Amino acid sequence: MQKGNEKGNPKALLPIGVFLVIYLGLGILFEYGMDIPMGFYNVPIVVSFLAALLVACLQNPRLKFDDKLSIMAKGVGDKNIVTMILIFMTAGIFVGVVGRDSAESVAYFLLSVIPARFAVIVLFLVSCFVSLAMGTSVGTITLITPIAVAVANGSGFAVPLCIGSVMGGAMFGDNLSFISDTTIAACNGQGCKMKDKFRANIGIALPAALVTLAILFIKTSGTDAGSAIHMEYDLIQIIPYLLVLAGGIIGINVFAVLLVGIISGSIIMLATGATEAASLLSNMGSGAAGMYETAMVAVLVSAICALIHEYGGFTALLSFTRRIFKTRKGGKLGVGLLVGAMDIATANNTVAIVMANPIAKEMSEEYGISPKSTASILDTFSCIFQGVIPYGAQMLVAISTASELGCGISAFDIMPNLFYPYILSIISLIYIFLIPEKKRS
């Protein structure tokens, strides 16, 4: 990236402020002022970023518009941005091919073989696996919440506890999955390999998951649970997910891993009669199209950030950060709080990471933080905040799904049962302040 303006210019950060005012302001108005369901997600985020880009283009009139276009083109054409977009599209095709029936199969299989008194623990474990395989917390919550409600009705466990377990597991997989939007964005934004980020991340996420399991066991032990749930399942459909997961952990190139997943998924879906050839192609297109907004956000944010960098906005932000965070550990916390603030404002952990990426990269270079550690912190903290905010898509989808099934609960009923995000935040702070990291070479 170009060197940019070495003099700090806080006014260059105005486009970010404009985006937040439009997106957050309208989101609050729709959600709480006009009582529009999923109000935050009725605000067109691409339009909000276009408005911010317009403001960035109007700034610094001494620079010709053609020069600004060149600066934006360099930002958008960055290798990491192009790679990120291509991975988004390929991952979308993979999810479109394999569908989501296999996720339900895993849930029903485990619920049928494990005693009902462990049903809440099973819900957490199933959600962990499904989100790890599918790479989407919202998709996992959409799939597993109806099962959680059925478990609650059949076993006697509280609905908020069951749904809270599902949401916690969903955020676990979203944080670690190789095909998750957040992983793709964090790794490519920081220029690190996914396997390296995974290895750094698992040291934070796994202990948090184990502590959560212990809490769930203690909380549900001694409960006189009802009968187990018995539904049909077809485990052969999880093979593509397992291949992608194994390939990612081994360290095979992500495009090769996804290609294997797409081919194996296509063969299995056609051979088992789960889908027809024409429908399979249609599903591929739908999967790729589902990544349109995420890809466009990446393009627009990279263009905006290129101009902000040129105008000296990042230099001003780094100067401010230096005054607050003096050490490398403080820098790590600063990266986490930065993406957390973006997530609170946007209610979208992927967008939060994309917005925070360029600033976090500058901070990591300033404080000597490794790319894998920065990517891990970005992904982890975004999932922590996204997993607990009452107006996030994850929470709203869970409440809406439960309501459709006759369970009237609120976000504040579920929030006390979100054990995983709370434990993850504690483990993350331990990781930042107590676990040493060798300084980058």
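Biologist: Before we start, what are the ground rules?

Modeller: This is a predicted model, so local features need pLDDT of at least 70 and side-chain atom pairs count only at pLDDT 80 or more, while totals for chains, interfaces and linings use all residues. Residues are numbered from 1 along each chain as its sequence is written, and side-chain values use heavy atoms, with hydrogens and water left out.

Biologist: How do you know that cysteine 187 is in no disulfide?

Modeller: A disulfide is a pair of cysteine sulfur atoms within 2.5 Å. By that rule the count is 0 disulfides. For cysteine 187, the nearest cysteine sulfur belongs to cysteine 192 and is 4.0 Å away.

Biologist: Why is cysteine 187 called buried?

Modeller: Buried means under 20% relative accessible area, with exposed over 50% and partly exposed in between (1.4 Å probe, protein chains only). Cysteine 187 has a relative accessible area of 1%, so buried is the word. Cysteine 383, at 1% relative accessibility, counts as buried too.

Biologist: What makes phenylalanine 94 and tyrosine 241 an edge-to-face pair?

Modeller: Rings of Phe, Tyr and Trp (its six-membered ring) pair if their centres lie within 6.5 Å; planes under 30 degrees apart count as stacked, over 60 as edge-to-face and the rest as tilted. That rule gives 7 aromatic pairs here. In this one, the ring centres of phenylalanine 94 and tyrosine 241 are 5.7 Å apart and the planes stand at 90°, so it's edge-to-face. The pair links distant parts of the chain: phenylalanine 94 sits in helix α4 (residues 79-98) and tyrosine 241 in helix α11 (residues 239-250), 147 residues apart. Both phenylalanine 94 and tyrosine 241 are buried.

Biologist: Why does the pair of phenylalanine 172 and tyrosine 420 get the edge-to-face label?

Modeller: Their ring centres are 5.9 Å apart and their planes are at 75°, so the pair is edge-to-face. Phenylalanine 172 belongs to helix α8 (residues 159-176) and tyrosine 420 to helix α21 (residues 419-434), so the pair ties together parts 248 residues apart in sequence. Phenylalanine 172 is buried, with a relative accessible area of 9%, and tyrosine 420 counts as buried at 1%.

Biologist: And what are these helices, by definition?

Modeller: Helices (H or I, at least four residues) and strands (E, at least two) are DSSP runs, numbered from the N terminus.

Biologist: What puts lysine 332 over the face of tyrosine 431?

Modeller: A charge sits over a ring if NZ of Lys or CZ of Arg is within 6 Å of the ring centre and within 35 degrees of the ring normal. Lysine 332 lies over the face of tyrosine 431, at 5.4 Å from the ring centre.

Biologist: Why is the contact of lysine 197 with aspartate 379 called a salt bridge?

Modeller: A salt bridge is a side-chain nitrogen of Lys or Arg within 4 Å of a carboxyl oxygen of Asp or Glu. For lysine 197 and aspartate 379, the closest N and O atoms are 2.6 Å apart. Lysine 197 is in helix α10 (residues 194-220) and aspartate 379 in helix α18 (residues 371-386), so the pair ties together parts 182 residues apart in sequence. Both lysine 197 and aspartate 379 are buried, and the count for the model is 1 salt bridge.

Biologist: How do you know that the span of helix α6 agrees with what it should be?

Modeller: The expected span of a helix is 1.5 Å times one less than its number of residues. Helix α6 (residues 119-134) has 16 residues and should span 22 Å; its end C-alpha atoms are 22 Å apart, which agrees. Of those 16 residues of α6, 14 are buried, so the helix is largely enclosed by the rest of the structure. Glycine 135, whose phi is positive, near 75°, follows α6.

Biologist: What makes glycine 261 buried?

Modeller: Its relative accessibility is 0%, so glycine 261 counts as buried. Glycine 261 is found in helix α12 (residues 254-271). With contact meaning heavy atoms within 4.5 Å, and leaving aside neighbours within four places in sequence, glycine 261 is in contact with Phe94, Val98, Pro240 and Val244.
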